[in-house]
Amino acid sequence: MICGIFVAAGVRLYTIREIFEPKVLGLLWAALAATVMAELAFTLYVNLYGLSNMMGHLFKFVSFWFIFEALVRTTIQEPFAVLSRQMKPNEQQLSEKKDTLETALKEIRTLRGLPPICSYCKRIRDDHGTWHDL
């Protein structure tokens, strides 16, 4: 049952793989695989001092080492790389919105340069509010 939960966690990790760096993703999958191997080894041991019990503990150690490498070292030694990876999609969206707003601002400035014309009588209003015939 526990191995099934870890396999399901691996499948979930695969579905959200784009938010992780490839190195971190590989280390997390290695940690999951080592944990599954540890659990399988623990189910096979008969003697408290037997080989399968020792192998289970070694696999657990390796699993925790992979997690340490993936999460702790990466976020402490390379924090800006992790942050910049998360900010890239937001930066692209912000750039697109900026371009859209600049285009809209140009259109507004063009419309401000047009004189106001009455749709009923077809007169033009000047800056002082006086209406003049065409």
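The legends below describe several close-up views of a predicted model.

**View 1. A salt bridge joins Lys 60 and Glu 39.** In this predicted model, a search of the whole structure finds 3 salt bridges, and one of them is formed by the side chains of Lys 60 and Glu 39, with 3.0 Å from N to O. As a general point, side chains of opposite charge can pair when their charged atoms come close.

**View 2. Within helix H4, Lys 98 and Glu 102 are about one helical turn apart.** These two residues form a salt bridge in which the closest N and O atoms are 3.8 Å apart. Because Lys 98 and Glu 102 are 4 residues apart in helix H4 (residues 79–112), they are separated by about one helical turn. Glu 102 has a relative accessible area of 40%, and is therefore partly exposed.

**View 3. Arg 123 and Asp 133 meet in a salt bridge.** The side chains of Arg 123 and Asp 133 come to 3.0 Å, taken from N to O. Arg 123 lies in the loop between H4 and strand E1 (124–125), whereas Asp 133 is found in the segment after strand E2 (131–132), so the pair ties together parts that are 10 residues apart in sequence. Arg 123, with a relative accessible area of 34%, is partly exposed, while Asp 133, at 58% relative accessibility, counts as exposed.

View 4. When its neighbours within four places in sequence are left aside, Asn 53 is in contact with Phe 42, Tyr 45, Asn 47 and Leu 48.

**View 5. The largest nonpolar core has 7 residues.** This core is made up of Leu 13, Val 24, Leu 25, Leu 27, Leu 28, Leu 32 and Ala 70. Helix H2 gives the most to the core, with 5 residues. Not counting residues up to four places away in sequence, Val 24 touches both Ala 70 and Thr 74.

**View 6. Lys 122 lies in the loop between H4 and E1.** At 47% relative accessibility, Lys 122 counts as partly exposed. A polar atom of the Lys 122 side chain lies 2.8 Å from the backbone oxygen of Ser 119, and, not counting residues up to four places away in sequence, Lys 122 touches Ile 117 and Leu 134. The C-alpha atoms of Lys 122 and Val 72, which are 50 residues apart along the chain, are separated by 72 Å.

**View 7. Cysteines in a structure with 0 disulfides.** The sulfur of Cys 121 has its closest cysteine sulfur in Cys 118, at 3.4 Å, which is too far for a bond, because a disulfide requires the two sulfur atoms to be within 2.5 Å. Cys 121 counts as partly exposed, at 38% relative accessibility, whereas Cys 3, with a relative accessible area of 18%, is buried.

Technical notes: Residues numbered from 1 in each chain as written. Predicted model: local features only at pLDDT ≥ 70, side-chain atom pairs only at ≥ 80, totals over all residues. Heavy atoms only, no water. Salt bridge = Lys/Arg side-chain N within 4 Å of Asp/Glu carboxyl O. Helix = DSSP H or I, 4+ residues; strand = E, 2+ residues; numbered from the N terminus. Buried < 20%, exposed > 50% of the residue type's maximum accessible area, 1.4 Å probe, protein only. Contact = heavy atoms within 4.5 Å. Core = buried A, V, L, I, M, F, W, Y, C linked by side-chain atoms within 4.5 Å. Polar contact = N/O pair within 3.5 Å; in protein donor to acceptor, adjacent residues only side chain to side chain.
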